[in-house]
Structures are given as structure tokens and as C-alpha cells.
Amino acid sequence: MKKKLSFPHTYVIIVVLIALAVLLTWIVPAGKFPRVKNEASGQMVIVADQFKYVENQPVNPLHIPLFIVRGLIKSANIVFLVLIVGGAFNIIIETGMFQALAGKLTKRVSHRQALIIPAFTGIFALACMTMGVNTFIGFAPLAVIVARSLGYDAIVGVAMVALGGAIGFSTGTFNPFTTGVAQSLAGLPLFSGLSFRVICFVVFLIVTNIYIILYAKKVKAHPELSVVYEMELENKAQEEKEPAHDVVQKRHYLVLLTVMACFGLLIYGSTYWKWKLEESAALFIWMGCLAGLAYGFSPNKIAKDFIAGSKKLIFGALIIGIARAIALVLDSGNILDTTVLFLGNLLIRLPSFLQAAGMFLMQLIINGLITSGSGQAAVTMPIMLPVADMIGMTRQTAVLAFNFGDGLSNYILPTSSALMGFLAIANIPYEKWMKFMWKLFLIWTLTGSILVIIANAIHYGPF
């Protein structure tokens, strides 16, 4: 009897990618661009015409576990955020507040369920116009509960938040971390070219909603077609063992007010006080503890539920740090700059009508190596801008290609802290997510290519 082929375990996939990165440090010539500070943006940027090959520094394969440990240390802020959010939300879930309110919501919108998905994606798309998607990782458990109450699965819940945020961030409408930095480096007026980016925002949001809604309807009609069907069965079995939360109690409203106040503070702090992940994680500790006390839990109950929730997310939290090792290996081998130079030279050789799409696709590739948006702008724009000038492409189009390339691939890359954070919170294996996401990513890639080709054709400017 033939064995059925199985998809590799997520950890296996990531370790293979780390090993591939190590191999590349033995093959790709090492090289460096000198860096100088750009006065307009404050970023350290490369000097594009002063690339020099340096002595190769291939990474010893025996050091792979060391890079994994370093990756975990470098990613400690988001690893612990995931564990803390998991613990805090488990306390809140134990109160039954989310389940009871989700049941009530389902009854009220029974004739308007089609509006729930676009409402969620729209809200998070608008919110992520000006801030990173990481800020909203903590909303995923709520979205999953809402999705399940409507007959969908955990994938739909995560998609409503993560992919809505992805559109807001990737189209760069008012994004200071990507558009702001890239336009400063290009000498463009800050947030110029807004009207076309708004059109891109609307197009991507419509495409994404159609995809999620079609999948959600399929899962509701045929639950066995869910890519996480086994996980949903386990969740239902677990819910049957637990006490039902069918009635909204007065104490639930106290819990809800606590959660809403904390989320409001999180958004305000992230926007006006420039909170980082550390402050967000600390707030989630407060949220879990205060919500538990509001419902009447004892300190011992709160502690036990917190630990139980964190345990569930260890698998996903560790992935974030392990995947970080890929970028650390490439950086240690000094082959990042060589790769960027190669891609820039390749772009010049493309037919003129494909050059804008080529730049977008190259930024997608580079984002797999440099996942920081502002960091990618600082490394790639000094190369891509002179290339754009040389081939007659407007600098605004080059910035748009960067925006799409930097943002969209974050939702298939195991090196993306945002994606892995969302999957960890919802306990969704990476390989299951990819079964859902790969078609949408191809649609995104085609849509983005068409939009940057149009931008190039209309001389999207001001220059």
C-alpha cells in the first residue's frame, strides 16, 4: 500500500529555508554598499554606485542552531507578545463574554451575514493605513470567534483582520513607514500621488473581499472543505465539553467594557504615544487580569487560565523566532547587497512595458530577505530610483512598486512576524494557511502588476 504524501511540518519547512540560506552564503559572492545618512528621511541608505565585493564569509552549517537561538532572541518582543496575548485572551474566553456576544450578534445579523466580512476587512484596512498590522494581532481571537459563530472557520476570522490590514498597509495610502520613507528618499512631496494609491486601495480591498467571501460561503455550505477542518472538529468537540455560554450576563458587559477600554488605549497609545510591542504586551497583561477580576475570577483562576492560554501558542510563537534566522544567516554571509545589485541590473534588461511590473516582483523577492519596510526602502530605493530614472519610469511609480512588494508578500512568508503572529494566535499551522492563501497571493501579484503598469503608462507623478 502506497503511503499518502504529506505536507512537511512547518518547522521542517523553515529549517530547510535556513539551510538554503546557508548554502547561498557559499555560492553567492559577498558584497557591500557603503551606507550614509539621508538627511531628508533620517535613514541610513546605500551609495548605489560604490558597490564593492568583499571577502566571502560563508556560514558554517553547524551554526544553524546558533542562528535559530539568535533569531529567537532578536524576535523576543513579538514572541512574548504572542504568548501574553494567548494567555490574556484565554482568561477572557473563559468568562464566556465573546461566545455569548457572538451568539447574540449572529442572531441579529442572520439576514446580513454577507456584510460582516467586508465590515471587518474595511475597518482594519483603514486602521492600517497609518500603522503596522502587528498592532492588531490581538484582535484575531475575537474575529475567529465571530467567524465560527457565523458558520465559517478560523481561517476566515484571521483573514478578516490580517488581510484587511494587509491592504491598508501595502497600498501605502498614508503609511509613514513605507511611503513616507520611500518618498523622502525619492525627493517626492510627502504622501503625493494620493489619488492613485486610493484607487489601488479600493481595487485590492474588493478583490480580497471577494476571495474571502467565496471561501467562507464554501466552508459554510461544506465544512469538510475547510483547510483546517480537523482543527474545527477539535474545537467543536472542546466546546461541547465546556459549559455553554448562551446568555449574556451583566458581568459580561463589565468584561466587554474592560476589553474595549484596553483596545481603545492600545490604538491611542500606538498612534500618539508611539507604543512598541513591549507596551502593547504589557497592556494585554492588564486586559486579561482586569477582565478576569471583572467577571469574578480568583487570582489563582486567572493565573491558571493565563498559563493554559500561553501553552496553546508555544508552537506558533517559536516559529516567529526560528524564521528570523533566515535573514540573520543572509546578513552574516554579506550577500544581501549582492542580491539587491543583481536584481537591479536584471531589471534594466526587461522590455520597457514590463519594467514596472518587474520592479514590483523584484521588491517581492527582496522582501523575503529584508522584512522591515523602512529597512527595505533604505536598501533598495537608492538602487531602484536611478534605475527608474534611466529607463524613463517615474519615481512615484518606483515608490508604488516598492509599497506593493514590501507589503503583499508578508502574508505568505514564514519570515513575516505579522503573519506568524496571527497564525500563532489562532493556532493555525503555516502549511494550512498557505493552502488558503496561495491563490489569493497570485491574484494580488497579477493585480499589483497591472496597477504598476498602468501607473507607468500614465506617468504617475508628480515625477
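The charged end of Arg70 lies over the ring of Phe67, 5.3 Å from the ring centre. A charge counts as sitting over a ring if NZ of Lys or CZ of Arg is within 6 Å of the ring centre and within 35 degrees of the ring normal. Arg251 does likewise with Tyr295, its charged end being 4.2 Å from the centre of that ring.

This is a predicted model, in which local features need pLDDT of at least 70 and side-chain atom pairs count only at pLDDT 80 or more, while totals for chains, interfaces and linings use all residues. Residues are numbered from 1 along each chain as its sequence is written, and side-chain values use heavy atoms, with hydrogens and water left out.

**Aromatic pairs**

A search of the whole structure finds 22 aromatic pairs. In one of them, the ring centres of Phe204 and Phe404 are 5.2 Å apart and the planes stand at 75°, so this pair is edge-to-face. Rings of Phe, Tyr and Trp (its six-membered ring) pair if their centres lie within 6.5 Å; planes under 30 degrees apart are stacked, those over 60 are edge-to-face and the rest are tilted. Because Phe204 belongs to helix α9 (residues 194–221) and Phe404 to helix α18 (residues 395–408), the pair ties together parts that are 200 residues apart in sequence. Helices (H or I, at least four residues) and strands (E, at least two) are DSSP runs, numbered from the N terminus. Phe204 is buried at 1% relative accessibility, and Phe404 is buried at 0%. Buried means under 20% relative accessible area, exposed means over 50%, and partly exposed is in between (1.4 Å probe, protein chains only). Elsewhere, ring pairs join Phe89, Phe120, Phe124, Phe136, Phe139, Phe263 and Phe284 into a cluster.

**The nonpolar core**

Which residues touch the most other members of the largest nonpolar core? They are Leu163, Phe284, Ile428, Trp433, Phe436 and Trp444, in a core of 159 residues. Helix α7 (residues 154–170) supplies the largest share of this core, 12 residues. A nonpolar core is a set of buried Ala, Val, Leu, Ile, Met, Phe, Trp, Tyr and Cys residues joined through side-chain atoms within 4.5 Å. Leaving aside residues up to four places away in sequence, Phe436 touches Ile155, Ala159, Leu163, Tyr211, Ile212, Tyr215 and Val227. Contact here means heavy atoms within 4.5 Å. In soluble globular proteins, nonpolar side chains tend to be buried together.

Helix α5 (residues 116–127) has 12 residues and reaches 17 Å from its first C-alpha to its last, close to the 16 Å expected at 1.5 Å a residue. The expected span is 1.5 Å times one less than the number of residues in the helix. The buried residues of α5 include Phe120 and Phe124, both of which also belong to the ring cluster. Ile116, Ile117, Thr121, Gly122 and Ala125 of α5 are buried too. Among the elements covering the buried residues of α5 are α6 (140–149), α7 and α9.

Helix α6 is itself mostly covered, with 7 of its 10 residues buried. These are Ala140, Pro141, Ala143, Val144, Ile145, Val146 and Ala147. After α6 comes Gly151, which has a positive phi near 95°.

**Cysteines**

The structure holds 0 disulfides. Cys128 is in no disulfide, and the nearest cysteine sulfur, that of Cys200, is 17 Å away. A disulfide is a pair of cysteine sulfur atoms within 2.5 Å. Cys128 is buried, with a relative accessible area of 0%. The sulfur of Cys289 is 10 Å from the closest cysteine sulfur, in Cys262, which is too far for a bond. Cys289 is partly exposed at 30% relative accessibility.

**Positive phi and exposed positions**

Most residues other than glycine have a negative phi. Lys274 has a positive phi near 55°, and so does His459, also near 55°. Lys274 is in the loop between α11 (250–272) and α12 (277–295), whereas His459 is in the segment after α20 (430–457). The table gives accessibility for these two residues and for two others.

| Residue | Relative accessibility | Class |
|---|---|---|
| Lys274 | 58% | exposed |
| His459 | 57% | exposed |
| Gly187 | 49% | partly exposed |
| Asp389 | 41% | partly exposed |

Gly187 lies in the loop between α8 (176–186) and α9. Its C-alpha is separated by 29 Å from that of Tyr53, 134 residues apart along the chain. Asp389 lies in helix α17 (residues 373–391). The C-alpha atoms of Asp389 and Gly165 are separated by 32 Å, and these residues are 224 apart along the chain.
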